[in-house]
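Please look over the sequence and the model shown here before reading on.

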Amino acid sequence: MSSSSTPVTFENPRKVMKKVLSLSQSEGDGATVRRSIGGCELRNVDPFLLLDEFSVSKPAGFPDHPHRGFETVTYMLDGAFTHQDFSGRKGTIRTGDVQWMMAGRGIVHSEMPAADGVQKGLQLWINLASKDKMIEPRYQEIESKDISQAEKDGVAVRIIVGEAFGVRSPVYTRTPTMYMDFTMQPGSQLHQPIPEGWNAFVYIIEGEGVFGKENAVPASAHHCVVLGAGDGLSVWNRSGAPLRFALAAGQPLNEPVVQQGPFVMNSRAQIQQAMEDYYYGRNGFEKASQWSSA
């Protein structure tokens, strides 16, 4: 598809406001992540708190750890991960699968490689509104075969949440969100609507592309591209190789964010409460002291 065959239809196209290269760092027990959101250059993109591209081989992983106050979305790019938590829940997600875990008032769980070789994926943390931070935990697990997909003019998309090319995902999110995995063939272009007022970013998994406006400088793999205000995103793949990226957008909560490691609340007092609840095993952490994934 030539770059001139489809006019850009957005009244207010979103431009690139910030571009952050995510560098490898150690996390968990011997695991390696590339952290873009949640690092020193990009604290958060309301309602998104963290984005890690993880790369993990046995025996490394993410052993028993708590969460409170937000959702974790794990999307497997390659390989398999087994998670288990203190409620007795256990499951394995494989290439293309998604686990959407709402930690709510409290979860203690582990996430460990379930296959040989390098396991790769994305983990996105989405904040919960203050009214939802202490609700009961819940999970949605979506197998790869059940993820909505669409294809048009050299662009394929896996729609984890939201709508693209007239196809909508059935996944429910407490915080209004869209999250998609696009693959664009060389020479293709994309014009994807994004709800006005939502914050949005792109994370490039492989290849390079031109984002926002036709004369922009291309962005390449492992860059997080934060988008400005507007009603949609235009992307061009002018390279000779496929471009793959995740697009995420969400309705901002506009609430205070106070974070202490795996706890994200609205005030320092609530963080102190979360730490005490975890330590003393109360308010959702009753099973914490008796449980071990091993």
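G230 is found in the loop between β22 and β23 (232-236), where helices (H or I, at least four residues) and strands (E, at least two) are DSSP runs, numbered from the N terminus. The model is a predicted one, in which local features need pLDDT of at least 70 and side-chain atom pairs count only at pLDDT 80 or more, whereas totals for chains, interfaces and linings use all residues. Residues are numbered from 1 along each chain as its sequence is written, and side-chain values use heavy atoms, with hydrogens and water left out.

Is G230 buried or exposed? With a relative accessible area of 2%, G230 is buried, a term that stands for under 20% relative accessible area, while exposed stands for over 50% and partly exposed for what lies in between (1.4 Å probe, protein chains only). Not counting residues up to four places away in sequence, G230 touches N12, R14, I194, P195 and E196, contact being heavy atoms within 4.5 Å. Between the C-alpha atoms of G230 and V98, which are 132 residues apart along the chain, the separation is 28 Å.

The strand β23 belongs to an open sheet of four strands in the order β18-β23-β20-β21, with antiparallel pairing; two strands pair if DSSP finds at least two bridges between them. At the edges stand β18 (189-193) and β21 (219-220), and each has a single partner strand, so one side of each is left without a neighbour in the sheet. Within this sheet, strand β20 (residues 208-211) and β23 are joined in the antiparallel sense over two bridges, and V210 stands opposite W236 in β23.

UniProt, in an unreviewed entry, places the feature "domain: Pirin N-terminal" at residues 32-126; its positions are given in the numbering used here, feature names are shortened, and annotations may be inferred rather than shown by experiment. Over residues 32-126 the chain is 0% helix and 62% strand, with its end C-alpha atoms 21 Å apart. Strand β10 (residues 107-113) is mostly covered, six of its seven residues being buried. Four bridges connect β10 with strand β5 (residues 62-67), and the two run antiparallel; here I107 in β10 is the bridge partner of H67. Strand β7 (residues 80-85) also runs antiparallel to β10, through five bridges, and D85 stands opposite H109 in β10.

The largest nonpolar core has 27 residues, and those with the most contacts inside it are I37, V98, W100, L122, L124, Y179 and F201. Such a core is a set of buried Ala, Val, Leu, Ile, Met, Phe, Trp, Tyr and Cys residues joined through side-chain atoms within 4.5 Å. Among the elements that give two or more residues to this core are β4 (48-56), β9 (98-102), β11 (119-127) and β19 (199-206). Leaving aside neighbours within four places in sequence, the contacts of I37 include L42, F48, F201 and C224. A second, separate core of 25 residues includes V155, M178, M180 and F245.

Helix α1 (residues 268-280) has 13 residues and reaches 18 Å from its first C-alpha to its last. In α1, I271, A274 and D277 are buried. These three cover an arc of only 125 degrees around the axis, which puts them on the same side of α1; the arc is that of the directions from the helix axis to the C-beta atoms. On the other side of α1, A269, Y279 and Y280 are exposed, while the buried residues of α1 pack against β25 (258-260) and β26 (263-265). Just after α1, G281 takes a positive phi of about 70 degrees.

Technical notes
The expected span of a helix is 1.5 Å times one less than its number of residues.
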